[in-house]
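Biologist: Before I rely on the strand and sheet labels in this model, I would like to hear the reasoning behind them. Could you take me through it step by step?

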Amino acid sequence: MEHTKKSEIRRIAIIGGLVIMVLLALGTFWMGKNADEDTHEAVRQVSLIYLDELAGRREQVVASTLAGYIKNLDVALGLIDKNDLSDKEHLAAYQVRMKQLYGLEKFAFVDTSGLIYTSRGTRTDIDQYGFDYANLSEPVVAIKNPDGNSKKIIIAVPVDRLPLGDRALVVCFMEIDMSRMLESVSLQTGTENNITFCNLYTKTGVALTNVVLGGLASENNLLRALENAQFEEGHSLSAMRDDFRSGHGGVVSFIYNGIRETMCYVPVHGTDWMLTYLVRE
């Protein structure tokens with residue numbers, strides 16, 4: 001009887017010990033899992049702060065470069081005199097000097113009828129330049145040929161009705177090759193380890209570099225490419241579209257082609273562009 005009781009106590013002790021060991025193991029696993037999740041979230045938050053800082057600094061470089069172009073345009077206009085406006089030939093000679101001075105592809109004027117005056121003659125394709133010459137009241141940054149591979153940046157400013165014969169010039173603009181501007185701001189589409197990418201997009205999602213999502217997407221439009229992405233909880237394409245349309249910064253996380261990615265985006269001052277920083281996790 002006593003032996004049976006001792007065996008029963010021993011069995012209960014063994015079972016109890018096993019239960020305690022299992023509970024300890026489960027508790028350790030649960031605590032470790034929570035600690036790992038907390039650590040991952042902390043690292044993620046720090047990374048997002050760093051990402052936002054990177055995007056903000058690069059946006060300042062782009063905005064400063066564009067402001068420099070506008071300043072150059074103002075300086076060039078300050079050099080024009082009555083002799084330059086005496087006829088089309090003298091105006092063209094002045095424009096050639098300005099193109100050479102600032103390394104421009106085009107330095108042109110627009111009159112009240114929308115006729116463009118370049119150093120090589122007049123043009124009638126004002127609708128290709130992305131600004132409203134009849135109502136321009138402040139400097140405008142626009143994109144010529146936004147859907148093509150040879151994009152051009154247009155910087156246009158209003159002028160105080162400069163007389164040219166029986167016409168009046170109301171707008172002056174310069175044309176710059178997009179690749180030249182991107183080179184001047186050292187915009188990189190990728191890094192050596194291919195995990196971070198900086199880019200510029202229009203408010204409709206068109207990539208100014210002709211590269212989307214670090215080259216993973218075949219489309220030339222970010223918002224269209226992300227229709228094939230799976231967004232994480234709390235993020236959505238519709239909200240991102242609204243941010244792009246209204247010029248608000250933000251951050252999104254998503255899975256594209258099986259790869260988890262996080263993108264921070266900020267508006268570029270003085271434009272309707274968005275600068276993005278993408279981290280491929």
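Modeller: Let me begin with the rule for pairing, keeping in mind that this is a predicted model: two strands count as paired if DSSP finds at least two bridges between them.

Biologist: How do you know that β10 and β11 pair?

Modeller: Strand β10, residues 259-267, and strand β11, residues 273-280, share seven bridges in the antiparallel sense; the rule asks for at least two, so the two strands are called paired. One of the residues involved is P267, whose bridge partner in β11 is M274.

Biologist: What makes β8 and β9 a pair?

Modeller: Two bridges join these antiparallel strands, and because at least two are required, β8 and β9 meet the definition. Q230, for instance, stands opposite I255 in β9.

Biologist: What joins β9 to β10, and how many residues lie between them?

Modeller: Seven bridges join β9 to β10, again running antiparallel, with V251 opposite C264 in β10. The two strands form a hairpin with two residues between them, and N257 in the turn has a positive phi of about 55 degrees.

Biologist: Why are β7 and β8 said to stand at the edges?

Modeller: The five strands form an open, antiparallel sheet in the order β7-β11-β10-β9-β8. Since β7 (196-202) and β8 (230-231) each have a single partner strand, one side of each is left without a neighbour in the sheet.

Biologist: Which helix packs on this sheet?

Modeller: Helix α5, residues 237-246, does so, touching β7, β8, β9, β10 and β11, and its direction makes about 25 degrees with that of β10.

Technical notes
Residues numbered from 1 in each chain as written. Predicted model: local features only at pLDDT ≥ 70, side-chain atom pairs only at ≥ 80, totals over all residues. Heavy atoms only, no water. Helix = DSSP H or I, 4+ residues; strand = E, 2+ residues; numbered from the N terminus. Contact = heavy atoms within 4.5 Å. Axes fitted to C-alpha atoms, helices over the stretch in contact; angles between N-to-C directions.
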